[in-house]
Amino acid sequence: MGAGYVGGPTMAVIAQRCPHIRVCVVDISQAQIDAWNTDDLPIYEPGLLEVVKESRGRNLFFSTDIDAEIKRADMVFISVNTPTKTTGIGAGKAANIKNCELCARKIAEVADTPKVVVEKSTVPVRTAEAVRRVLATNEGKVKFQVLSNPEFLAEGTAMPDLQDPSRVLIGGMQTPEGLAAIQELVDVYANWVPKDRILATNTWSSELSKLVANAFLAQRVSSINSISALCEATDADISEVSRALGYDPRIGNKFLNSSVGFGGSCFQKDVLNLVYICESTGLPEVAEYWHQVIAMNDYQKSRFTQLMVRRMFNTVTGKRIAVLGFAFKKDTGDTRETPAVFVCKALLEEQAKVQVYDPQVKRSQMFVEFDYTCGVNKDNTPRLEESITTCEDAYSAAEGSHALAILTEWDEFKTLDYQRIYDSMAKPAFVFDGRGVVDIEALRKIGFEVYCIGKSKPKYSLDSPK
Ligand code: NAI
């Protein structure tokens, strides 16, 4: 249940690797299901279309006939969105598990044979208890087992992550029936995942591990980003510091790139959820510790925009700024919580004109994101539409602009003809690289004034005091 970034790709891979299992992905959104039944899939993920095409119509189906498919299934995965609550108790922190509960209610209502219900969504620890209690309303007729099987895929690399996962985590009740249900799900994954990478735990450890895994990853980004600010203040170089750290096997060399900040639908939501759970369980010190991960990310995003304005002579009013990349990371069209929204919003507040190019993000999607993330829409910002131009490529975005802001690390930004771009821009031509994409020295040689997160400032600029 749920044909989104998780439900679609995970089920497509199960169908591909288990041709003997019939898989049907259902959703309440007809448009979403219709798109899954075409070659213009509703999400962009490298390699996904090929995998879908291999199984679609064979043992992989997409449907809105939710009742019929629940009745047919032995196992139901709940892969619906669990966004941060926007109103009521816990607003701004707690995860809203309304959709999970609705799925459980639907299963309880229509099921007439025993089922294993699998939580794939990321949920607050002990959500399985709520799911169990809702399902129990039908337990006179049907027996259910509830498992936790959180998903660890990363957008942009979802297909390799699913086909060769670092681990599969399955939590369930430590009773004979619970252990039997865990074994049923182990048997599905064992079709392609080595057994030593399939971890079985109790339900609560599994639910909590997913939140903690995302909190650790987000913490690592915030840690290196905090040091990037210190590098800029001391002329140390963040790439050199990262490299030196990464050689220590206790630290490891992954996830040590500094940037304009993390985005995506998960990190912020899951860390805030962890903070909320700590607060509600009477652990304010632990909550505060994790809250700093979000505070540092907010600092990094606003620090970047302030740097842009300050370096462009303290004003960007009326200036054109080319924004290269709007997705929250490369190889995805997902814009949820993307730092680009925060940077663009700040630039609009400074009365700049923004020219955006992203190879995968549609103009309409950008406006949806502005509205969702920061409540900026046509009604409260009448000049929104005219202040943002969307462009077909990086060159047209750059034409006539005073600065480039690189906000997504798309590979194509590494190999642009920067001389051509420089020639088409207003001078002095600034580059603000929020993703460590450009060859700083090569661009400075062309004549650009280049600022990059965690790197020393241009030698020739007259630095105003901080
Ligand atoms: P999504 O928003 O892309 O997809 C969710 C889908 O569920 C939507 O198509 C929606 O129409 C459908 N839906 C909502 N209520 C429904 C209902 N009652 N019955 C049937 N369908 C319903 O969300 P996404 O990104 O796939 O995330 C799903 C869960 O997986 C979330 O809990 C998220 O935290 C978690 N997760 C997401 C990852 C990601 O990279 N996007 C990675 C790992 C976990």
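An open sheet of six strands, paired in parallel, runs in the order S10-S9-S8-S11-S12-S13. Its edges are strand S10 (388-390) and strand S13 (449-452), each of which pairs on one side only. On average, neighbouring strands are turned by 20 degrees against each other, direction ignored. The model is predicted.

**Strand S12 and its partner**

Strand S11 (residues 403-406) pairs with strand S12 (residues 430-433) in the parallel sense, over four bridges. Ala-403 has Phe-430 as its bridge partner in S12. Leu-404 stands opposite Val-431 in S12.

In a regular strand, side chains alternate between the two faces of the sheet. In S12, Phe-430 and Phe-432 are on one side, and Val-431 and Asp-433 are on the other. Are these residues buried or exposed? All four are buried, and both faces of S12 are covered.

The peptide bond from Lys-427 to Pro-428 is cis, with omega near -5 degrees. Pro-428 lies in the loop between helix H17 (418-424) and S12. Most peptide bonds are trans.

**Helix H12 across the sheet**

Helix H12 (residues 284-311) lies across S11, S12 and S13. It runs at about 170 degrees to S12. Its length can be checked. At 1.5 Å a residue, the 28 residues of H12 should span 40 Å. The end C-alpha atoms are 39 Å apart, which agrees.

Which residues of H12 are buried? They are Trp-290, Val-293, Met-296, Asn-297, Gln-300, Lys-301, Phe-304, Thr-305 and Met-308. An α-helix has 3.6 residues a turn, so residues three or four places apart point the same way. The cover over the buried residues of H12 includes helix H9 (203-234), helix H11 (267-280) and helix H13 (339-349). S11 and S12 are also part of that cover.

**Positive phi values**

Most residues other than glycine have a negative phi.

| Residue | Phi | Location |
|---|---|---|
| Phe-313 | about 65 degrees | just after H12 |
| Arg-126 | about 85 degrees | loop between strand S4 (115-119) and helix H6 (127-135) |

Why does Arg-126 count as exposed? Arg-126 has 12 other C-beta atoms within 10 Å, and a residue is exposed if that count is 12 or fewer. Glu-337 is buried, because 22 other C-beta atoms lie within 10 Å and the cut-off for buried is 20 or more.

**Around the ligand**

How many residues surround the ligand? There are 25, and the closest are Gly-2, Gly-4, Tyr-5, Val-6 and Ser-121. Helix H5 (residues 98-110) supplies the largest share of the shell, three residues. By class, the shell has ten nonpolar, twelve polar and three charged residues.

Note on methods
Residues numbered from 1 in each chain as written. Predicted model: local features only at pLDDT ≥ 70, side-chain atom pairs only at ≥ 80, totals over all residues. Near = placed C-beta within 6 Å. Helix = DSSP H or I, 4+ residues; strand = E, 2+ residues; numbered from the N terminus. Nonpolar A, V, L, I, M, F, W, Y, C, P; charged D, E, K, R; others polar. Pairing = 2+ DSSP bridges. Axes fitted to C-alpha atoms, helices over the stretch in contact; angles between N-to-C directions. Contact = placed C-beta atoms within 7 Å. Expected span 1.5 Å × (residues − 1).
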